[in-house]
Amino acid sequence: MRPLGKTRRTIRTARTSARAAAACGAVLAVLTAFPAQAHTRAPAPPHWALKDTGTAAARFRGLAAVDRDTAWVAGTGGTVLRTVDGGASWRDVSPPGAGDLQFRDVEAFDARHAVVLAIGEGEASRVYRTQDGGTTWTESFRNTDARAFYDCMTFFDRRHGLAVSDPVDGRFRILSTSDGGRSWKVLPGRGMPAAQEGEAGFAASGQCLVASGRTDVWLATGGAARARVLHSFDRGRTWTAADAPLPAGDPARGVFALGFRDRAHGLAVGGDYRPDQPSPRAAATTGDGGRTWRPAATPPPAYRSGVAWIPRSRSVALAVGPTGTDLTTDAGRTWRTVDTGSYDTVDCVSDGGCWAAGEQGRVARLER
């Protein structure tokens with residue numbers, strides 16, 4: 001399962017499949033076990049175990065989990081790190097000369113192949129690609145339109161992916177690759193609905209653009225009179241828009257992250273990212289592919305910037321933000337806070353591995 005649109009390592013043998021199922025089952029059992037009755041001895045709840053990345057300077061808003069052992073993070077100061085031993089050690093694989101860039105998204109296919117997105121106005125928006133674990137990088141795209149500002153990217157498989165820019169000429173701009181990020185082209189804008197005044201995407205977690213399956217992709221927006229989620233069923237050529245019941249009406253409010261466990265069932269989180277402002281409706285759900293959205297009956301208590309489904313579950317997911325992590329066990333209808341640490345983004349993969357990343361070099365893995 002891949003609700004966030006990031007390509008994952010294929011499980012190639014029955015033995016590996018059994019291990020992955022067991023790991024996911026164990027995570028699900030613990031996640032759904034609490035809160036327990038007061039008189040019952042429950043297993044210790046899952047918790048984020050911080051991993052020493054060796055840096056406190058970078059803020060990691062880009063995260064790609066490959067499995068429980070392998071993960072990539074990308075952030076400020078042009079920083080890209082990779083672990084292949086569950087976070088016990090990290091290798092700095094930052095592209096040379098990228099120190100002035102802000103990486104906000106990373107999509108990893110395995111321990112060797114990854115694509116990172118730098119955000120910003122004009123030429124600050126760039127895409128880099130590696131096929132040797134970050135030993136070398138190739139710049140495969142540099143934005144030359146001063147009006148464009150790229151926010152997020154997603155991949156349907158190892159070859160096909162998209163990136164999104166804030167509106168240019170009144171419409172969100174979509175960038176497409178069909179060769180694993182080696183080359184990119186801007187798609188025609190005629191299939192994109194008109195943007196609202198002030199509408200944009202949030203480069204907060206790498207989850208404002210997410211895919212599920214071979215062709216479906218969703219785009220989260222904010223900053224305008226209404227928060228919206230746009231959906232394309234044909235890899236970004238044509239789009240429809242739906243209102244989302246999250247805070248809107250201000251440049252700091254909207255939908256910040258999406259997660260889809262299949263092409264029908266999705267979660268939206270966001271709110272108002274300013275720490276002195278409340279976010280009373282910070283989450284919503286859809287069961288029809290994003291055509292309609294319902295507010296969570298009990299939403300997270302504050303702004304959330306990242307969301308991920310627990311693999312092999314139809315009802316369990318995590319949402320993260322600067323003030324904590326929330327858990328849902330009923331597919332997003334109700335949420336409860338399970339950790340108060342600061343994280344910007346979260347990603348879970350098929351072998352049961354869940355990772356989170358954020359400010360001050362913070363990276364953690366969910367442990368039982």
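Let's start with how the chain folds back on itself: among contacts (heavy atoms within 4.5 Å) with a separation of 6 or more, 54% join residues 24 or more positions apart. Bear in mind that this is a predicted model, where local features need pLDDT of at least 70, side-chain atom pairs count only at pLDDT 80 or more, and totals for chains, interfaces and linings use all residues. Residues are numbered from 1 along each chain as its sequence is written, and side-chain values use heavy atoms, with hydrogens and water left out.

So what is the protein built from? It has one helix and 28 strands; both are DSSP runs numbered from the N terminus, with helices (H or I) at least four residues and strands (E) at least two. The protein has 368 residues, and 61% of them count as buried, where buried means under 20% relative accessible area, exposed over 50%, and partly exposed in between (1.4 Å probe, protein chains only).

**The cores**

In soluble globular proteins, nonpolar side chains tend to be buried together. A nonpolar core here is a set of buried Ala, Val, Leu, Ile, Met, Phe, Trp, Tyr and Cys residues joined through side-chain atoms within 4.5 Å. The largest one has 30 residues, and Val164, Leu209, Trp239, Val255, Leu258 and Trp293 touch the most other members. Elements giving two or more residues to this core include strand E11 (161-168), strand E12 (171-177) and strand E18 (253-260). The most comes from E15, with four residues.

Take a look at Val255: beyond its neighbours within four places in sequence, its contacts include Phe202, Ala220, Val229, Leu246 and Val269. There is also a second, separate core of 16 residues, with Trp72, Val93, Val106 and Tyr128 among them.

**A hairpin and a hidden serine**

Strand E2 (residues 60-65) is mostly covered, with six of its six residues buried. E2 pairs with strand E3 (residues 71-75) in the antiparallel sense over five bridges; two strands count as paired if DSSP finds at least two bridges between them. Phe60 has Gly75 in E3 as its bridge partner, and five residues sit between the two strands of this hairpin.

Now for Ser205, which lies in the loop between strand E13 (185-186) and E14. Its relative accessible area is 0%, so Ser205 is buried.

**The disulfides**

A disulfide is a pair of cysteine sulfur atoms within 2.5 Å, and the count comes to two.

| Pair | Sulfur atoms apart | S-S torsion |
|---|---|---|
| Cys152 and Cys208 | 2.0 Å | about 125 degrees |
| Cys348 and Cys354 | 2.1 Å | 115 degrees |

The torsion of the Cys152 and Cys208 bond makes that disulfide right-handed, and the link of Cys348 and Cys354 is right-handed too. Cys152 in strand E10 (residues 149-155) and Cys208 in the loop between E13 and E14 are 56 residues apart, so this pair links distant parts of the chain. Cys152 is buried at 0% relative accessible area, and Cys208 is buried at 0% as well. Cys348 counts as buried at 1% relative accessibility, and Cys354 at 0%. With the bonded cysteines numbered in sequence order, the pairing reads 1-2, 3-4.
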